[in-house]
There are 2 protein chains.
Amino acid sequence: MILVVCLNPALDVTYHVDSLVPGRSHRVRSQHERAGGKGVNVARVLHQLGEHVILTGLLGGTEGGVLRSELDAAGVWSCWTAIADATRRTVTVLAQEATVLREPGPVVTDAEWGAFLRSYTGLARRATAVVLSGSLPRGVPDDAYARLAALSPCAVLDAEGTALRAGLDAHPYLAKPNAAEARGLAAAGDPLDALLAAGAANAVVSDGEAGLVAAVDGRRYRVVGPAVPGNATGAGDALTAVLARGIAAGTEWPALLREAAAVAGGAVAVPHAGAFDAGVADRLRADIVVEEC
Amino acid sequence: MILVVCLNPALDVTYHVDSLVPGRSHRVRSQHERAGGKGVNVARVLHQLGEHVILTGLLGGTEGGVLRSELDAAGVWSCWTAIADATRRTVTVLAQEATVLREPGPVVTDAEWGAFLRSYTGLARRATAVVLSGSLPRGVPDDAYARLAALSPCAVLDAEGTALRAGLDAHPYLAKPNAAEARGLAAAGDPLDALLAAGAANAVVSDGEAGLVAAVDGRRYRVVGPAVPGNATGAGDALTAVLARGIAAGTEWPALLREAAAVAGGAVAVPHAGAFDAGVADRLRADIVVEEC
């Protein structure tokens, strides 16, 4: 079982409008809601891959209830610690451009965080890999990911800012930020060097169409594939999902990096995050170049 | 008991952001939610006035549950017909200016509308006045307000567009659109004449700081008072509430128009809709001029 942690899930609401003009009133043409947050996307992709995955984290309010129902209906197993505050929403207004409004989200109490830690400790013991993904809600300590990573020999950390920096102190098995998140750790110099120096045992950094670089088992790889038209949101989460699965299965790194890049490309071909087009991934696989450097 | 109909209530969400820039991602600094919709505002004001009021309409989804809980907590009696679709949200993004996103709202089935009609028929029989206020959700017939008004000798209609035009066919006791809504009925000419010609027994038209005009019991009045700084949203609903209460009580029109204008001014002094500042209303009362014209 792969355990995916999503401490700050979101109910992603999308509004389609003709155009967004500040100061005006707009009729929303159509709308949809979807369970979101990086960990939710990772768990969905693992579920699509046929993996036994459990999604865990903190959930509250009516928004949390909607999110849980959607994941239940999708067949994604989840085990949440209830919080008093409501799970955040993210509103994306789609016109010619995408305008995003991110709610501040819940404040987690010490007691709630303690309850989550107890639940997590039991789940992590049974997991072959643990994915720690996304932002931390207010009230959760900065070193949350370090505490969680310390309880698993096979932790994959995908975060940014303080959550990433503090999490690396626990020497997670793999750090997988994207290039922008890695630059937050060290503005200059090689991002892989920075991640290893900060504590990661292995590191993979994705950079959109530029592909990805990896420092794994003492070797360096560069992975490049054909550009895929579509929506890159969630592609990094698909990458994380495949990497966690391969680490749990003991897959060789060159083959794993190729597979991860293929599935991430397949995720770009799907308009929403948390899913990939298996046909696109199949076609990409042979054209992805993995070279040691 | 005054019965207030709100067929298309809304959960009004307000986001405070530093500035709204289309195409950007924004952190919401603070947010709040409030039960909204014109009928909800009218019922709240009647409740604040100490009237026995029942709010009725169509409600669904988790948003509907939040709305109902808030009204219960506020002590406003409500009796809703459940619908399968979710009650709409209205998102207002407050920066230097207010940008509003109005969800399309639920689609009501024939069976749901039939269930509401049966419930309404029983409630209207016990009401001294009925307020029909706001927009119609999709699926509800255009002549909904005509059907509802026909069941009450004391119907107050505050709507716009087709809902207003069709509702006037049933000769409601009072039509009370604002000036912009009345212009939708007849672009040129006197709005009071247009409302009476279309079927209203009596008519009051509000026009913000310009005051209001009335054609009631065969007489014409103009009502003007001091300008009140604040938020005019919901002032028209406060006006409707006082007019309905006065009609039910048989108050003389000049006194009723003065009282309604005073409470509407008190509503401007409160930052949110559905409430009025009684102190401001008290101070305004003497300075409001009601003249026959």
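**Entry 1: a hairpin in chain B**

I began with Leu94(B), which stands opposite Ala98(B) in strand S8 of chain B. This is a predicted model: local features need pLDDT of at least 70, side-chain atom pairs count only at pLDDT 80 or more, and totals for chains, interfaces and linings use all residues. Residues are numbered from 1 along each chain as its sequence is written, chains are lettered from A and ligands numbered from 1 in the order in which they are written, and side-chain values use heavy atoms, with hydrogens and water left out.

I noted my terms. Strands (E, at least two residues) and helices (H or I, at least four) are DSSP runs, numbered from the N terminus. Two strands pair if DSSP finds at least two bridges between them.

Strand S7 (residues 88-94) of chain B runs antiparallel to S8(B), and five bridges join them. The two form a hairpin with three residues between them.

**Entry 2: across the chains**

Which strand of chain A pairs with S8(B)? I found S3(A), residues 25-27, parallel to S8(B) (residues 98-102) over three bridges. Here His26(A) stands opposite Leu101(B).

**Entry 3: the whole sheet**

I traced an open sheet of five strands, in the order S3(A)-S8(B)-S7(B)-S2(B)-S4(B), with mixed pairing. S3(A) and S4(B) (30-36) are the edge strands, each pairing on one side only. S2(B) (residues 10-16) is antiparallel to S4(B), with seven bridges. Val13(B) has Glu33(B) as its bridge partner in S4(B).

Next I checked what packs on the sheet. Helix H2 (residues 61-74) of chain B does, touching S2, S4 and S7 of chain B. Contact means heavy atoms within 4.5 Å. The direction of H2(B) makes about 80 degrees with that of S4(B). Such angles run from 0 to 180 degrees between N-to-C directions, with axes fitted to C-alpha atoms, for helices over the stretch in contact.

**Entry 4: one end of chain A's helix H10**

Which residues of H10(A) are buried? In this helix (residues 278-285) they are Val280(A), Ala281(A) and Leu284(A). Buried means under 20% relative accessible area, exposed over 50%, partly exposed in between (1.4 Å probe, protein chains only).
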